[in-house]
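Welcome! Please have a look at the sequence and the 3D view below, and keep both at hand while you read.

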Amino acid sequence: MTDHTYDAFFALHHRLPRQSPGSDDTTRRLLALAGPQPVRPRVLDLGCGPGRAALLLAAEAGAEVTAVDLHQPFLDELREAAEAHGLGDRIRTVRGDMGALTGPDFADGSFDLVSAEGSAYCIGFDTALRDWQRLLVPGGSMVITECVWTTGSPSAGARAFWEEQHVSLRTVGATTAAAVAAGCHVLGLFVQPESDWDEYYVPLAGRVAAADPSAPGMEAALAATRAELAARRAYGHEYGYAGYVLRPFDPRWRTRPEEPADREAVHGVVSSAFPTRAEAALVDALRTDLDAWLPGLSYVAEAPDGSVAAHALLTRCRVGDAPALALAPVATAPGHQRRGAGRAVVRAAMDAARLRGESLVLVLGHPGYYPAFGFVPASRFGIRAGFDVPDEAMMALVLDASVPVPAGTIRYPAAFGV
(Lines give C-alpha, C1' and ligand atoms only; values in the text may rest on other atoms or scores of the structure.)
Protein backbone atom coordinates (compact mmCIF):
# COMPACT_ATOMS: atom_id res chain seq x y z
CA MET A 1 0.00 0.00 0.00
CA THR A 2 1.48 3.35 -1.05
CA ASP A 3 1.56 6.33 1.29
CA HIS A 4 -1.16 8.03 -0.77
CA THR A 5 -3.38 4.94 -0.64
CA TYR A 6 -2.77 4.61 3.10
CA ASP A 7 -3.80 8.23 3.66
CA ALA A 8 -6.84 7.81 1.42
CA PHE A 9 -7.89 4.68 3.26
CA PHE A 10 -7.88 6.50 6.59
CA ALA A 11 -9.64 9.47 5.02
CA LEU A 12 -12.48 7.08 4.08
CA HIS A 13 -12.63 5.84 7.67
CA HIS A 14 -12.17 9.18 9.43
CA ARG A 15 -14.98 9.85 11.93
CA LEU A 16 -16.86 6.66 11.16
CA PRO A 17 -18.51 5.42 14.37
CA ARG A 18 -16.70 2.07 14.17
CA GLN A 19 -13.66 0.59 12.48
CA SER A 20 -14.86 -3.02 12.60
CA PRO A 21 -18.16 -4.89 13.03
CA GLY A 22 -19.53 -4.37 16.51
CA SER A 23 -22.14 -2.66 18.65
CA ASP A 24 -22.70 -1.30 22.11
CA ASP A 25 -24.82 -4.38 22.85
CA THR A 26 -21.93 -6.66 21.93
CA THR A 27 -19.54 -4.73 24.16
CA ARG A 28 -22.04 -5.03 27.02
CA ARG A 29 -22.48 -8.74 26.40
CA LEU A 30 -18.73 -9.33 26.42
CA LEU A 31 -18.38 -7.37 29.63
CA ALA A 32 -21.18 -9.37 31.27
CA LEU A 33 -19.54 -12.67 30.28
CA ALA A 34 -16.28 -11.48 31.84
CA GLY A 35 -18.03 -11.50 35.21
CA PRO A 36 -17.94 -9.07 38.13
CA GLN A 37 -15.30 -6.35 37.89
CA PRO A 38 -13.73 -4.13 40.55
CA VAL A 39 -15.51 -0.88 41.39
CA ARG A 40 -13.12 1.04 39.11
CA PRO A 41 -11.62 -1.58 36.77
CA ARG A 42 -8.44 -0.86 34.90
CA VAL A 43 -9.09 -1.63 31.23
CA LEU A 44 -6.65 -1.76 28.32
CA ASP A 45 -8.38 -1.18 24.96
CA LEU A 46 -6.03 -2.26 22.18
CA GLY A 47 -6.56 -1.10 18.61
CA CYS A 48 -9.23 1.19 20.02
CA GLY A 49 -9.95 3.14 16.81
CA PRO A 50 -12.25 6.08 17.59
CA GLY A 51 -13.00 4.43 20.92
CA ARG A 52 -16.65 3.46 20.92
CA ALA A 53 -15.97 0.54 23.27
CA ALA A 54 -13.65 2.64 25.46
CA LEU A 55 -16.35 5.27 25.93
CA LEU A 56 -18.94 2.65 26.92
CA LEU A 57 -16.57 0.92 29.36
CA ALA A 58 -15.71 4.21 31.01
CA ALA A 59 -19.33 5.37 31.21
CA GLU A 60 -21.13 2.15 32.16
CA ALA A 61 -18.47 0.09 33.97
CA GLY A 62 -16.78 3.06 35.63
CA ALA A 63 -13.52 1.90 34.08
CA GLU A 64 -10.21 3.69 33.90
CA VAL A 65 -9.36 3.01 30.25
CA THR A 66 -5.96 3.09 28.60
CA ALA A 67 -6.77 3.26 24.87
CA VAL A 68 -4.03 2.33 22.42
CA ASP A 69 -3.91 2.82 18.65
CA LEU A 70 -1.26 3.54 16.03
CA HIS A 71 -3.38 6.08 14.15
CA GLN A 72 -3.24 9.42 15.94
CA PRO A 73 -6.40 10.86 14.31
CA PHE A 74 -8.44 8.04 15.87
CA LEU A 75 -6.99 8.89 19.28
CA ASP A 76 -7.80 12.55 18.70
CA GLU A 77 -11.42 11.61 17.93
CA LEU A 78 -11.58 9.56 21.12
CA ARG A 79 -10.08 12.34 23.22
CA GLU A 80 -12.61 14.81 21.80
CA ALA A 81 -15.53 12.45 22.47
CA ALA A 82 -14.30 11.64 25.98
CA GLU A 83 -14.19 15.33 26.90
CA ALA A 84 -17.61 15.92 25.36
CA HIS A 85 -19.11 13.10 27.47
CA GLY A 86 -17.42 14.19 30.68
CA LEU A 87 -15.11 11.16 30.62
CA GLY A 88 -11.82 12.91 30.08
CA ASP A 89 -10.51 11.79 33.46
CA ARG A 90 -11.45 8.15 32.77
CA ILE A 91 -9.79 7.67 29.37
CA ARG A 92 -6.10 7.99 28.60
CA THR A 93 -4.97 7.69 24.98
CA VAL A 94 -1.60 6.23 24.00
CA ARG A 95 -0.22 6.08 20.50
CA GLY A 96 1.44 2.71 20.34
CA ASP A 97 1.79 -0.69 18.73
CA MET A 98 -0.33 -3.45 20.28
CA GLY A 99 2.39 -5.88 19.25
CA ALA A 100 5.11 -4.04 21.20
CA LEU A 101 3.69 -3.01 24.56
CA THR A 102 6.68 -1.99 26.63
CA GLY A 103 7.49 0.43 29.41
CA PRO A 104 5.87 1.23 32.76
CA ASP A 105 2.43 1.83 31.20
CA PHE A 106 2.31 -1.86 30.27
CA ALA A 107 3.88 -3.60 33.23
CA ASP A 108 2.86 -7.14 34.13
CA GLY A 109 -0.39 -7.32 36.11
CA SER A 110 -1.50 -3.78 35.28
CA PHE A 111 -5.05 -4.40 34.06
CA ASP A 112 -8.25 -6.12 35.15
CA LEU A 113 -9.49 -6.41 31.57
CA VAL A 114 -7.79 -6.37 28.17
CA SER A 115 -10.16 -5.60 25.29
CA ALA A 116 -9.53 -5.86 21.56
CA GLU A 117 -12.67 -5.63 19.44
CA GLY A 118 -11.87 -6.26 15.79
CA SER A 119 -8.15 -5.55 16.11
CA ALA A 120 -6.28 -8.65 17.35
CA TYR A 121 -5.92 -9.89 13.75
CA CYS A 122 -3.29 -7.17 13.23
CA ILE A 123 -0.78 -9.29 15.16
CA GLY A 124 -2.65 -12.59 15.05
CA PHE A 125 -5.04 -14.15 17.56
CA ASP A 126 -2.48 -16.64 18.88
CA THR A 127 0.22 -13.99 19.27
CA ALA A 128 -2.21 -11.67 21.02
CA LEU A 129 -3.17 -14.31 23.57
CA ARG A 130 0.44 -15.28 24.16
CA ASP A 131 1.66 -11.70 24.66
CA TRP A 132 -1.26 -10.06 26.46
CA GLN A 133 -1.86 -12.52 29.30
CA ARG A 134 1.00 -11.05 31.31
CA LEU A 135 -0.79 -7.69 31.42
CA LEU A 136 -3.64 -9.07 33.53
CA VAL A 137 -4.00 -9.19 37.28
CA PRO A 138 -4.66 -12.70 38.63
CA GLY A 139 -8.25 -13.52 37.70
CA GLY A 140 -8.34 -10.86 34.99
CA SER A 141 -9.94 -11.46 31.60
CA MET A 142 -9.49 -10.71 27.91
CA VAL A 143 -12.33 -9.90 25.53
CA ILE A 144 -11.40 -10.32 21.89
CA THR A 145 -13.49 -10.39 18.74
CA GLU A 146 -12.07 -12.39 15.87
CA CYS A 147 -13.23 -13.06 12.31
CA VAL A 148 -14.02 -16.76 11.84
CA TRP A 149 -15.50 -19.13 9.33
CA THR A 150 -19.11 -19.90 10.23
CA THR A 151 -19.17 -22.88 7.88
CA GLY A 152 -16.95 -25.93 7.78
CA SER A 153 -16.75 -25.75 3.97
CA PRO A 154 -16.13 -22.17 2.83
CA SER A 155 -16.47 -21.55 -0.89
CA ALA A 156 -13.54 -20.92 -3.21
CA GLY A 157 -14.65 -17.32 -3.65
CA ALA A 158 -14.73 -16.65 0.10
CA ARG A 159 -11.34 -18.28 0.58
CA ALA A 160 -9.86 -16.28 -2.29
CA PHE A 161 -11.06 -12.99 -0.81
CA TRP A 162 -9.45 -13.63 2.57
CA GLU A 163 -6.28 -14.97 1.01
CA GLU A 164 -5.98 -11.67 -0.86
CA GLN A 165 -6.19 -9.90 2.50
CA HIS A 166 -3.42 -12.18 3.82
CA VAL A 167 -5.74 -13.25 6.62
CA SER A 168 -6.13 -16.93 7.53
CA LEU A 169 -9.56 -17.56 9.05
CA ARG A 170 -10.39 -20.53 11.27
CA THR A 171 -13.68 -22.00 12.39
CA VAL A 172 -15.11 -21.15 15.79
CA GLY A 173 -14.03 -24.59 17.00
CA ALA A 174 -10.46 -24.20 15.77
CA THR A 175 -10.20 -20.71 17.24
CA THR A 176 -11.53 -22.01 20.55
CA ALA A 177 -8.94 -24.79 20.49
CA ALA A 178 -6.23 -22.19 19.86
CA ALA A 179 -7.39 -20.19 22.88
CA VAL A 180 -7.22 -23.24 25.15
CA ALA A 181 -3.84 -24.22 23.69
CA ALA A 182 -2.62 -20.71 24.53
CA GLY A 183 -3.46 -21.31 28.18
CA CYS A 184 -6.86 -19.64 28.42
CA HIS A 185 -10.22 -20.84 29.68
CA VAL A 186 -13.16 -19.81 27.50
CA LEU A 187 -15.62 -18.04 29.80
CA GLY A 188 -18.00 -17.36 26.93
CA LEU A 189 -18.24 -16.97 23.18
CA PHE A 190 -20.83 -16.07 20.61
CA VAL A 191 -21.01 -15.22 16.92
CA GLN A 192 -21.93 -11.57 16.59
CA PRO A 193 -25.23 -10.74 14.87
CA GLU A 194 -25.50 -9.40 11.33
CA SER A 195 -26.55 -6.04 12.75
CA ASP A 196 -22.98 -5.63 14.06
CA TRP A 197 -21.77 -5.69 10.45
CA ASP A 198 -24.40 -3.14 9.45
CA GLU A 199 -23.12 -0.73 12.11
CA TYR A 200 -19.75 -0.79 10.35
CA TYR A 201 -20.57 -1.27 6.68
CA VAL A 202 -23.62 0.99 6.25
CA PRO A 203 -21.72 4.17 7.22
CA LEU A 204 -18.67 2.97 5.28
CA ALA A 205 -20.74 2.40 2.12
CA GLY A 206 -22.11 5.93 2.44
CA ARG A 207 -18.59 7.28 2.72
CA VAL A 208 -17.55 5.35 -0.40
CA ALA A 209 -20.48 6.74 -2.37
CA ALA A 210 -19.54 10.32 -1.44
CA ALA A 211 -15.76 10.02 -1.91
CA ASP A 212 -13.81 11.95 -4.56
CA PRO A 213 -12.00 9.31 -6.64
CA SER A 214 -9.56 11.91 -7.99
CA ALA A 215 -7.93 12.50 -4.61
CA PRO A 216 -4.39 11.08 -4.35
CA GLY A 217 -4.52 7.34 -3.63
CA MET A 218 -8.32 7.34 -3.39
CA GLU A 219 -8.98 5.22 -6.48
CA ALA A 220 -7.05 2.27 -5.02
CA ALA A 221 -8.60 2.74 -1.57
CA LEU A 222 -12.08 2.80 -3.06
CA ALA A 223 -11.41 -0.33 -5.13
CA ALA A 224 -10.24 -2.25 -2.05
CA THR A 225 -13.19 -1.07 0.04
CA ARG A 226 -15.73 -1.91 -2.68
CA ALA A 227 -14.22 -5.39 -2.93
CA GLU A 228 -14.64 -5.79 0.83
CA LEU A 229 -18.28 -4.70 0.68
CA ALA A 230 -18.96 -6.98 -2.29
CA ALA A 231 -17.39 -9.95 -0.51
CA ARG A 232 -19.64 -9.43 2.47
CA ARG A 233 -22.72 -9.35 0.23
CA ALA A 234 -21.64 -12.48 -1.62
CA TYR A 235 -20.11 -14.57 1.16
CA GLY A 236 -21.33 -13.06 4.42
CA HIS A 237 -23.14 -16.26 5.34
CA GLU A 238 -19.77 -18.02 5.40
CA TYR A 239 -17.86 -15.86 7.87
CA GLY A 240 -18.51 -13.61 10.83
CA TYR A 241 -17.02 -12.12 13.95
CA ALA A 242 -17.01 -14.16 17.15
CA GLY A 243 -16.70 -12.61 20.58
CA TYR A 244 -14.41 -14.47 22.99
CA VAL A 245 -14.12 -13.91 26.74
CA LEU A 246 -10.96 -15.58 28.01
CA ARG A 247 -9.19 -16.01 31.33
CA PRO A 248 -5.66 -17.38 31.72
CA PHE A 249 -5.33 -20.67 33.54
CA ASP A 250 -4.75 -20.41 37.27
CA PRO A 251 -1.04 -21.33 37.52
CA ARG A 252 -1.56 -22.89 40.93
CA TRP A 253 -3.51 -25.82 39.51
CA ARG A 254 -2.64 -28.08 36.61
CA THR A 255 -5.82 -29.48 35.07
CA ARG A 256 -6.06 -32.50 32.79
CA PRO A 257 -8.33 -35.40 31.85
CA GLU A 258 -8.48 -38.19 34.38
CA GLU A 259 -6.20 -41.15 33.66
CA PRO A 260 -6.81 -44.77 34.75
CA ALA A 261 -4.19 -44.40 37.48
CA ASP A 262 -6.23 -41.56 39.02
CA ARG A 263 -9.35 -43.56 39.82
CA GLU A 264 -8.46 -44.39 43.41
CA ALA A 265 -7.39 -40.80 44.09
CA VAL A 266 -10.58 -39.45 42.50
CA HIS A 267 -12.64 -41.79 44.65
CA GLY A 268 -10.82 -40.50 47.72
CA VAL A 269 -11.31 -36.83 46.82
CA VAL A 270 -15.03 -37.27 46.11
CA SER A 271 -15.55 -39.32 49.28
CA SER A 272 -13.79 -36.73 51.43
CA ALA A 273 -15.66 -33.77 49.94
CA PHE A 274 -19.18 -34.98 50.80
CA PRO A 275 -20.85 -36.15 54.02
CA THR A 276 -21.50 -39.64 52.61
CA ARG A 277 -19.93 -41.88 49.98
CA ALA A 278 -22.98 -41.61 47.71
CA GLU A 279 -21.29 -39.22 45.29
CA ALA A 280 -18.18 -41.41 45.01
CA ALA A 281 -20.44 -44.40 44.35
CA LEU A 282 -22.20 -42.33 41.66
CA VAL A 283 -18.89 -41.73 39.86
CA ASP A 284 -18.08 -45.44 40.00
CA ALA A 285 -21.52 -46.35 38.63
CA LEU A 286 -21.31 -43.80 35.81
CA ARG A 287 -17.98 -45.28 34.70
CA THR A 288 -19.80 -48.51 33.81
CA ASP A 289 -22.63 -46.79 31.88
CA LEU A 290 -21.50 -46.75 28.25
CA ASP A 291 -24.34 -44.42 27.27
CA ALA A 292 -23.45 -41.87 29.96
CA TRP A 293 -19.65 -41.98 30.32
CA LEU A 294 -17.78 -39.74 27.89
CA PRO A 295 -14.03 -40.37 27.75
CA GLY A 296 -12.08 -37.17 28.29
CA LEU A 297 -14.78 -35.38 30.30
CA SER A 298 -13.72 -36.58 33.75
CA TYR A 299 -11.23 -33.89 34.80
CA VAL A 300 -8.82 -33.47 37.70
CA ALA A 301 -6.85 -30.57 39.12
CA GLU A 302 -3.44 -31.38 40.51
CA ALA A 303 -1.96 -29.81 43.61
CA PRO A 304 1.66 -28.62 43.37
CA ASP A 305 2.84 -32.00 44.68
CA GLY A 306 1.04 -33.81 41.84
CA SER A 307 -1.76 -35.23 43.96
CA VAL A 308 -5.39 -34.93 42.86
CA ALA A 309 -6.87 -31.86 44.53
CA ALA A 310 -10.22 -31.59 42.75
CA HIS A 311 -12.44 -33.45 40.31
CA ALA A 312 -15.29 -32.53 37.96
CA LEU A 313 -17.36 -34.94 35.91
CA LEU A 314 -19.51 -34.37 32.83
CA THR A 315 -21.70 -37.22 31.61
CA ARG A 316 -24.36 -37.58 28.96
CA CYS A 317 -27.92 -36.70 29.85
CA ARG A 318 -30.82 -35.59 27.68
CA VAL A 319 -33.43 -32.89 27.57
CA GLY A 320 -36.30 -34.71 25.98
CA ASP A 321 -34.47 -36.52 23.18
CA ALA A 322 -31.75 -33.88 22.71
CA PRO A 323 -28.24 -34.57 24.05
CA ALA A 324 -26.85 -32.45 26.87
CA LEU A 325 -24.27 -32.82 29.63
CA ALA A 326 -24.76 -33.20 33.37
CA LEU A 327 -22.12 -31.64 35.59
CA ALA A 328 -21.98 -33.85 38.72
CA PRO A 329 -20.32 -34.34 40.99
CA VAL A 330 -17.77 -31.56 41.53
CA ALA A 331 -15.46 -32.23 44.47
CA THR A 332 -12.43 -30.60 46.09
CA ALA A 333 -10.36 -32.28 48.77
CA PRO A 334 -10.90 -30.53 52.13
CA GLY A 335 -7.30 -29.36 52.35
CA HIS A 336 -7.59 -27.51 49.04
CA GLN A 337 -11.06 -26.00 49.33
CA ARG A 338 -11.63 -22.27 48.83
CA ARG A 339 -8.33 -21.90 46.98
CA GLY A 340 -9.50 -22.07 43.39
CA ALA A 341 -8.96 -25.75 42.61
CA GLY A 342 -12.67 -26.42 42.11
CA ARG A 343 -13.10 -23.40 39.84
CA ALA A 344 -10.07 -24.43 37.81
CA VAL A 345 -11.26 -27.99 37.25
CA VAL A 346 -14.82 -26.92 36.35
CA ARG A 347 -13.51 -24.40 33.78
CA ALA A 348 -11.18 -27.03 32.32
CA ALA A 349 -14.05 -29.50 31.96
CA MET A 350 -16.15 -26.83 30.23
CA ASP A 351 -13.32 -26.11 27.82
CA ALA A 352 -13.09 -29.80 26.99
CA ALA A 353 -16.85 -29.91 26.40
CA ARG A 354 -16.67 -26.93 24.02
CA LEU A 355 -13.87 -28.60 22.08
CA ARG A 356 -16.03 -31.73 21.70
CA GLY A 357 -18.76 -29.60 20.15
CA GLU A 358 -21.16 -29.94 23.09
CA SER A 359 -23.74 -27.18 23.35
CA LEU A 360 -25.53 -27.47 26.72
CA VAL A 361 -24.52 -28.28 30.31
CA LEU A 362 -26.90 -28.75 33.23
CA VAL A 363 -26.12 -28.69 36.93
CA LEU A 364 -28.13 -29.11 40.11
CA GLY A 365 -26.09 -27.09 42.54
CA HIS A 366 -25.60 -24.12 44.78
CA PRO A 367 -27.08 -20.97 43.19
CA GLY A 368 -24.40 -18.89 44.86
CA TYR A 369 -21.55 -20.81 43.19
CA TYR A 370 -22.36 -21.88 39.67
CA PRO A 371 -23.55 -18.55 38.19
CA ALA A 372 -19.89 -17.47 38.28
CA PHE A 373 -19.35 -19.94 35.42
CA GLY A 374 -22.26 -18.52 33.42
CA PHE A 375 -25.00 -20.87 34.61
CA VAL A 376 -28.53 -19.46 34.78
CA PRO A 377 -31.81 -21.05 35.89
CA ALA A 378 -32.69 -23.80 33.43
CA SER A 379 -36.32 -22.70 33.53
CA ARG A 380 -35.37 -19.72 31.35
CA PHE A 381 -35.04 -22.19 28.50
CA GLY A 382 -38.09 -24.28 29.39
CA ILE A 383 -35.89 -26.99 30.89
CA ARG A 384 -37.11 -28.69 34.05
CA ALA A 385 -36.10 -31.56 36.30
CA GLY A 386 -38.30 -34.62 36.61
CA PHE A 387 -38.45 -34.15 40.38
CA ASP A 388 -39.06 -31.32 42.83
CA VAL A 389 -36.12 -28.92 43.02
CA PRO A 390 -35.82 -25.19 43.73
CA ASP A 391 -35.90 -23.26 40.48
CA GLU A 392 -32.70 -21.38 41.23
CA ALA A 393 -30.78 -24.61 41.92
CA MET A 394 -31.46 -26.28 38.54
CA MET A 395 -29.17 -24.42 36.18
CA ALA A 396 -28.08 -24.48 32.54
CA LEU A 397 -25.07 -23.17 30.64
CA VAL A 398 -25.27 -22.76 26.86
CA LEU A 399 -21.86 -23.49 25.34
CA ASP A 400 -22.85 -22.96 21.71
CA ALA A 401 -25.52 -20.35 21.11
CA SER A 402 -25.76 -21.32 17.43
CA VAL A 403 -27.48 -24.58 18.44
CA PRO A 404 -31.14 -24.28 19.47
CA VAL A 405 -31.57 -24.92 23.19
CA PRO A 406 -33.97 -27.82 23.71
CA ALA A 407 -36.89 -27.49 26.11
CA GLY A 408 -38.37 -30.31 28.14
CA THR A 409 -37.65 -32.64 31.05
CA ILE A 410 -34.09 -33.68 31.92
CA ARG A 411 -33.42 -37.40 31.56
CA TYR A 412 -30.47 -38.37 33.77
CA PRO A 413 -28.47 -41.59 33.50
CA ALA A 414 -29.88 -44.42 35.61
CA ALA A 415 -27.03 -44.12 38.12
CA PHE A 416 -28.46 -40.83 39.38
CA GLY A 417 -31.53 -42.69 40.58
CA VAL A 418 -34.00 -39.97 39.54
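Predicted model: local features only at pLDDT ≥ 70, side-chain atom pairs only at ≥ 80, totals over all residues.

Residues are numbered from 1 along each chain as its sequence is written, and side-chain values use heavy atoms, with hydrogens and water left out. Helices (H or I, at least four residues) and strands (E, at least two) are DSSP runs, numbered from the N terminus.

**Strand S5 and its partners**

- Strand S4 (residues 111-117) pairs with S5 in the parallel sense over 6 bridges; two strands count as paired if DSSP finds at least two bridges between them.
- To find this pairing in the view, look for leucine 113, which stands opposite serine 141 in S5.
- Together, S4, helix H5 (residues 125-132) and S5 make a right-handed β-α-β unit; right-handed means that, with the strands pointing away from the viewer, the path from the first strand over the helix to the second runs clockwise.
- S5 is also joined to strand S7 (residues 239-248), by 8 bridges, and these two run antiparallel.

**Strand S11 and its partners**

- S11 is mostly covered, with 9 of its 11 residues buried.
- Strand S10 (residues 308-319) runs antiparallel to S11, and 9 bridges join them.
- Arginine 316 has leucine 325 in S11 as its bridge partner.
- The hairpin of S10 and S11 has 2 residues between the strands, and glycine 320 takes a positive phi near 65 degrees there.
- S11 also runs parallel to S12, with 2 bridges joining them, and alanine 326 stands opposite leucine 362 in S12.
- Going from S11 through H12 to S12, the chain makes a right-handed β-α-β crossover.

**The second largest pocket**

- The second largest pocket has a volume of about 870 Å³.
- How is a pocket found? On a 1 Å grid over the protein atoms alone, a pocket is an open set of points with protein on both sides within 12 Å along at least five of seven lines, unlike a cavity, where a 1.4 Å probe fits but cannot get out; lining residues have an atom within 4 Å of a point.
- Grid points are joined across faces, edges and corners, and the volume is the space filled by probe spheres set on the points.
- This pocket is lined by 31 residues, and the closest to its centre are Phe274, Val330, Ala331, Tyr369 and Tyr370.
- Helix H11 (278-287), strand S11 (322-332), helix H12 (341-356) and strand S12 (360-364) are the elements that give two or more residues to the lining.
- Which element gives the most to this lining? S11 does, with 7 residues.
- The lining has 20 nonpolar, 7 polar and 4 charged residues; Ala, Val, Leu, Ile, Met, Phe, Trp, Tyr, Cys and Pro count as nonpolar, Asp, Glu, Lys and Arg as charged, and the others, Gly among them, as polar.

- Is alanine 67 buried or exposed? Alanine 67 is buried, with a relative accessible area of 0%, and its place is in strand S2 (residues 64-69).
- Leaving aside neighbours within four places in sequence, alanine 67 is in contact (heavy atoms within 4.5 Å) with residues including Asp45, Cys48, Leu75 and Val94.
- Serine 110, in the loop between strand S3 (91-95) and S4, is buried too, at a relative accessible area of 15%.
- Beyond its neighbours within four places in sequence, serine 110 is in contact with Arg42 and Leu135.

- Most residues other than glycine have a negative phi, and most peptide bonds are trans.
- A cis peptide bond joins alanine 328 and proline 329, with omega about -10 degrees, and proline 329 is in strand S11.
- Arginine 15 is not a glycine, yet has a positive phi of about 65 degrees; this residue lies in the loop between helix H1 (3-13) and helix H2 (24-33) and is partly exposed, at 46% relative accessible area.
- Arginine 338, also not a glycine, has a positive phi of about 65 degrees; it lies in the loop between S11 and H12 and counts as exposed, at 84% relative accessibility.

Terms used
Buried < 20%, exposed > 50% of the residue type's maximum accessible area, 1.4 Å probe, protein only.
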